[in-house]
Amino acid sequence: ALQCTHLCNMASINLSCNPFGPKGAQLLADALRLSTHLQTLTSLVMYHCFQFDNEGLTELAYALRHGTPLSHLISLDFTGTPVGDAGVSAFADALR
């Protein structure tokens, strides 16, 4: 779904309060890594995604490091999402 051309020039994605599990995290990471339609993304909001965990954040980190350049991304909000040190560390490494 995130591969469609209707998303060209999208600036923000708000997936807050969604029941992301490992499969959802993988699908989101794949979309961010592969889609050329999300290059203009400036904001990703995922607060209170209670099933999103370190593994999910690590998948997103990999996508940001190895995928389509998201050079416009300036805001990430994971408030209230249960990610720990391992996920945050992987994400910080991806942003270096």
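Me: What makes a group of residues here a nonpolar core, and which residues have the most contacts inside the largest one?

Reply: Leu32, Met46, Phe52 and Leu60 have the most contacts inside the largest nonpolar core, which has 23 residues. The name stands for a set of buried Ala, Val, Leu, Ile, Met, Phe, Trp, Tyr and Cys residues joined through side-chain atoms within 4.5 Å. Buried means under 20% relative accessible area, exposed is over 50%, and partly exposed is in between (1.4 Å probe, protein chains only). H1, H2 and H3 are the elements giving two or more residues to this core, and H2 gives the most, with 5 residues. Those labels come from DSSP runs numbered from the N terminus: helices (H or I) have at least four residues, strands (E) at least two.

Me: How do you know what counts in this model?

Reply: It's a predicted model, so local features need pLDDT of at least 70 and side-chain atom pairs count only at pLDDT 80 or more, while totals for chains, interfaces and linings use all residues. Residues are numbered from 1 along each chain as its sequence is written, and side-chain values use heavy atoms, with hydrogens and water left out.

Me: Which residues does Leu32 touch?

Reply: Skipping residues up to four places away in sequence, Leu32 touches Leu38, Leu41, Leu44, Leu60, Ala63, Thr68 and Leu70. Contact here means heavy atoms within 4.5 Å.

Me: Why are H1 and H2 called roughly parallel?

Reply: H1 (residues 22–34) and H2 (residues 54–66) pack at an angle of about 10°, with their axes 8 Å apart. Axes are lines fitted to C-alpha atoms (for helices, over the stretch in contact), and angles run from 0 to 180 degrees between N-to-C directions. Under 35 degrees is roughly parallel, over 145 roughly antiparallel, 65 to 115 roughly perpendicular, and the rest oblique. So about 10° makes H1 and H2 roughly parallel.

Me: What kinds of residues make that contact of H1 with H2?

Reply: They divide into 8 nonpolar, 3 polar and 3 charged. Ala, Val, Leu, Ile, Met, Phe, Trp, Tyr, Cys and Pro count as nonpolar; Asp, Glu, Lys and Arg as charged; and the others, Gly among them, as polar. Leu28 and Leu32 are among the residues on the H1 side, and Leu60 and Ala63 among those in H2.

Me: What about H2 and H3: how are they oriented?

Reply: The axes of H2 and H3 (residues 85–95) come within 8 Å and cross at roughly 5°, so H2 is roughly parallel to H3 too. The residues of this contact divide into 10 nonpolar, 3 polar and 3 charged.

Me: Gly87 and Asp85 both sit in H3. How do you know whether each is buried or exposed?

Reply: Gly87 has a relative accessible area of 0%, so it is buried. Asp85 is at 70%, so it counts as exposed. Leaving out residues up to four places away in sequence, Gly87 touches Asn54, Leu57 and Thr58.

Me: Which labels do Cys17 and His48 get for accessibility?

Reply: Cys17 has a relative accessible area of 54%, so it is exposed. His48, at 32%, counts as partly exposed. Cys17 is in the loop between strand E1 (12–14) and H1, and His48 lies in the loop between E2 and H2. Phi is near 65° for Cys17 and near 60° for His48, each a positive value in a residue other than glycine.
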